[in-house]
Amino acid sequence: MTTRRAGRLCAPIVFAMLIASGSSHARDLTVVGFGGSLQDAMRTAYFEPFSKRAGAPLIEESYTGGIAKLKAMNQSRTVTWDVLQMDENEMTLACDEGLLEHFDWNGQPNAADILPQVKAPCGVGAFVWSKVLAFDPAKTPGVKSWADFWDLKRWPGERGLRKQARMTLEIALLADGVAPDKLYETLGTKAGVDRAFAKLDQIKPHIRWWVSGAQPVEWLAAGNVVMTSAYNGRVAAANKDGRAFTMLWTQQLYSADYWTIPKGTDKLVAARDLVAYMTSADAQKRFAETIPYGVTNNRASALIDPKIQPDLPTAPQNMAGALMIDTPFWVNNEDELQQRFERWVAQ
Amino acid sequence: MTRMASTTETMAGTSALAPPSLSSRAKARMVSVLLIAPLVLFLTLVFVLPLGGMLFHAVENGEVGGALPGVAAEMRGWTGEGLPPEAAYAALARDLKAAYGEPRLGEASRRLNYERAGYRALLAKTARAVRAIDRPQAGWTAELTAIDARWGEPATWAALRRASPSLTPYYLLTALDLRMDDGGAILRAPAEERIYIDTLGRTLWIGFVTTLLCLVLGFPLAHALVSLPRGFASVLMVCVLLPFWTSLLVRTSAWIVVLQKEGVLNGLLTRLGIVDAPLELVFNRFGLYVAMVHILLPFMILPILSVMKGISPSYMRASASLGAHPAVGFLKVYLPMTLPGVGAGCLMTFIIGVGYYITPSLVGGARDQMTSYFIAYYANTTINWGLSSALGAILLACIMLLYATVGRLIGVGRIAGIQ
C-alpha cells in the first residue's frame with residue numbers, strides 16, 4: 001500500500017474521530033422516556049416549550065426500563081443521560097446503589113405543590129399511571145370487575161395480562177375477592193402467593209402475555225384478546241384514534257413514574273431546571289390534557305379542563321376500590337416471586 | 001472458510017515443493033508471528049478479556065465483603081452453627097454505621113436479597129436504627145434482635161455467611177436449579193422454583209429442530225442454486241439473501257401480520273373455505289419455528305452452496321456412466337462431498353439459533369422462551385449480572401460440548417472446511 005493510499009484511507013477515520021470527540025464535548029441536554037404516545041405527549045407539553053424557553057436544543061432518547069445501562073454508564077464514567085423517567089421500583093433500587101442524584105427538597109422549586117407521596121430521595125413524581133381492565137363493549141358487554149375477567153363461560157376468549165409477577169399476582173387476588181387494603185398482607189404469606197397462582201391456573205390456557213405497553217391495545221383492536229389489562233393512557237390514546245374501548249376504574253392498580261437525574265451528569269444545573277419545569281403546574285396541565293395520566297402537582301389538578309378530569313386515574317370517583325402498588329413489598333420480594341412466576345408461565 | 005482452505009493448500013504446496021533452509025524458515029516464522037500479532041492482540045482485547053470478565057462475573061462475590069468487611073471477616077471464622085458470637089453482631093453494627101447511605105450498602109442488600117427475600121428491607125431498617133445507638137446497653141446481640149427479630153434467627157446469619165466469601169458458587173448453582181441449604185449441603189431447588197434446566201433443554205431442542213428444518217429446506221435450495229440457469233439462480237439468490245438485509249424486528253413483526261388470527265394467511269384460508277375457524281399459527285411453537293427458520297436459512301444455505309459450487313458435475317456423470325442409479329450416485333458420490341458444508345451450516349445455524357430471544361418473545365408463546373431471554377432479563381432489567389453470566393457460561397459450555405462431540409464425530413477440520 002502506498003503512503004498516499006494509506007493517507008486517503010485514514011483521512012475519513014481521523015475525520016470521524018475528530019467529529020466524535022468534538023461532539024462529546026458539546027453534548028446537549030438529554031432526556032430519556034419510555035417512548036410511544038406517552039413520550040409524544042411529553043414532547044408537546046414539556047420538551048419543546050422548555051427547549052424554546054431555554055434557547056438550547058434538547059435531545060430525546062427512549063428506553064424500555066431496566067437499570068443496567070444506567071449502571072454501565074456510571075461505572076464507565078460516561079454519563080450521557082441527564083434526566084430519566086423511571087418506575088418507582090427501579091428508582092428505589094438505583095437510588096440505593098448510588099446511581100442517582102439526591103433531590104434537595106428544600107431547594108426544589110414547586111416543592112410545596114408536589115404531592116407528598118411522590119417526593120422520593122432520588123426522584124420527583126412525573127405522573128400517576130394506572131393499570132385497568134380494558135375491553136371492547138361491543139364484543140363483551142357487561143364486564144364489571146376482575147372477577148368477570150375470570151368468567152370464561154359468560155365471556156369466552158383470550159385474556160391479555162402483562163408477563164410479570166408484579167401486578168399480575170395482585171390482579172389474581174383482587175379477582176379472588178381479597179380487599180385492596182388486605183392485599184399485600186395476603187401476598188406476604190406463602191399461602192397468599194399459592195392462592196394467587198391457583199387463581200391464575202383457572203384461566204392460564206386463555207392468557208396471552210404481553211411485554212410492551214402497546215401490545216394489549218393492539219391485540220384488543222385486532223381481536224386477539226377479548227379483554228386485557230392495559231395502561232389507561234394507552235387505552236385513551238387508542239380511543240382518541242377512533243376506538244371505543246371501556247376502561248374499568250374500579251379495582252384499578254396505580255403507581256407513579258418519576259423524573260430522576262443520573263449521578264455523574266455534567267449538566268446538573270440544566271437537568272434540575274428541566275425537572276423543575278416538568279413539575280410546574282402549567283406544564284403538567286398541558287401534559288394531562290394531551291394524555292390522561294394523573295398529575296403530581298396539586299395546583300395543576302385545578303387547572304385541568306373539567307372535561308378531562310373523569311379520565312384521570314386520580315379523579316376521586318376513579319379512586320374508589322383502587323389499589324396502590326406497594327413498591328417496598330416488590331423491592332424485597334420481586335426476585336423470588338418473579339422466578340416462581342417465570343417457572344409457572346413456562347409450565 | 002474457502003479462503004482458509006486455499007491458504008492451507010498454498011502453504012502446504014510451497015513446503016512440499018522446495019524445503020527452505022533452517023534460518024530462512026525461522027525468519028519466515030518470525031515474520032508470520034509479527035503479522036498475526038495485531039490479530040492476537042485484537043482478539044485478546046475484544047474477545048478473550050470481555051468473555052473472561054463475563055465468566056468471572058458468574059463467581060464474583062465482592063458486594064458483602066466490600067460493604068460490610070468486619071462482619072464478613074467474622075463470618076469466615078464462624079462455624080455456621082446456631083447463632084454467631086457477640087463479636088459478629090458488634091462488627092455488623094459497626095459496618096452498617098460506616099456504610100449507611102453509601103451505594104455499596106445498596107449493592108450488598110441486593111446480593112443478600114438473592115439469598116433470602118426481605119434482606120434488603122432488613123438491612124435498610126437496621127442501618128437506620130443502629131445510627132441512633134452509641135453505646136449498646138445490653139450488648140449488640142440484644143440490641144440488633146430488638147431492632148428486628150430476624151437477627152435472632154440462624155437462617156438470617158447462614159445467608160450472610162454464604163454471601164460473605166469473595167467467590168461464590170451461588171449463581172452457577174442457581175442456574176442449574178440447585179440451592180445450598182443453611183448447613184452447606186447442595187440440594188435441588190424447591191419444585192416451584194426449578195426453571196433453568198427445563199429452559200436449557202427447551203433451548204437446545206428448539207435449536208435442534210430449527211437446524212433440522214433449515215437443512216431439509218436449505219439443502220435442495222442450495223442444490224437448485226448451483227444447477228439452475230444463471231439468470232434464474234441469481235433471482236433465487238436475492239430471495240435467499242433478502243432476509244439478511246432486513247431488520248430482525250421487521251421480519252419478525254411481518255410474520256405476526258401474516259400468521260395472526262385475523263391475519264393474511266388465516267383470511268385467505270377461511271375465504272377459500274379450507275378451514276372454518278382461524279388456525280392458531282402464531283404465539284406458539286409453530287410460529288416460532290416459522291420465524292426462526294426464515295431468519296436462519298441463509299446461514300445454512302451459504303456454506304452448503306459454497307461447497308456445492310466446488311463440486312464438478314463430472315463426478316455425477318462419471319458415477320452414472322459407471323452404471324450407478326442417480327439416487328445411489330447422489331448418496332455415494334455427491335452427498336459425502338457436501339458434508340463439510342452441511343456440517344458448517346448446521347453448526348452455525350444451531351449456535352446462532354440457541355442464542356435467540358427477541359424472536360421467541362415476539363412470536364413464541366409463554367412456553368417457548370429460551371435461555372437467552374433470562375440472560376437478557378437478568379443483565380438488563382434486574383442487574384443480576386452474576387446469574388446472567390452463570391446462565392451464559394452454562395449455555396456456552398453446552399455449545400462447546402456439542403462442538404467437541406460433532407468435531408470428534410465428523411472432524412473439526414472438515415466442519416471448518418480446511419480438510
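In the predicted model, the contact between the two domains of chain A involves 16 residues of domain 1 and 15 residues of domain 2. On the side of domain 1 that touches domain 2, two or more residues are given by each of the elements α2 (36-54), α4 (88-96), β5 (123-135) and β9 (246-260) of chain A. Helix α4(A) provides the largest share of this side, with four residues. In terms of residue class, the side of domain 1 of chain A that touches domain 2 of chain A comprises nine nonpolar, four polar and three charged residues.

The domain assignment of chain A places residues 3-128 + 256-313 in domain 1 and residues 129-255 + 319-346 in domain 2. The centres of domain 1 and domain 2 of chain A, taken over C-alpha atoms, are separated by 29 Å.

A helix pair of chain A was also examined. Helix α6 (residues 165-175) and helix α8 (residues 190-203) of chain A have axes that come within 8 Å and cross at roughly 80°. Angles of 65 to 115 degrees count as roughly perpendicular, and α6(A) and α8(A) are therefore assigned to this class relative to each other. The contact is formed by Leu169(A), Ala172(A), Leu173(A) and Ala175(A) of α6(A), which meet Val193(A), Arg195(A), Ala196(A), Lys199(A) and Leu200(A) of α8(A). Seven nonpolar and two charged residues make up the contact of α6(A) with α8(A), with no polar residues.

Technical notes. Residues numbered from 1 in each chain as written. Chains lettered and ligands numbered in written order. Predicted model: local features only at pLDDT ≥ 70, side-chain atom pairs only at ≥ 80, totals over all residues. Axes fitted to C-alpha atoms, helices over the stretch in contact; angles between N-to-C directions. Parallel < 35°, antiparallel > 145°, perpendicular 65-115°, else oblique. Contact = placed C-beta atoms within 7 Å. Nonpolar A, V, L, I, M, F, W, Y, C, P; charged D, E, K, R; others polar. Domains from an automatic or database assignment.
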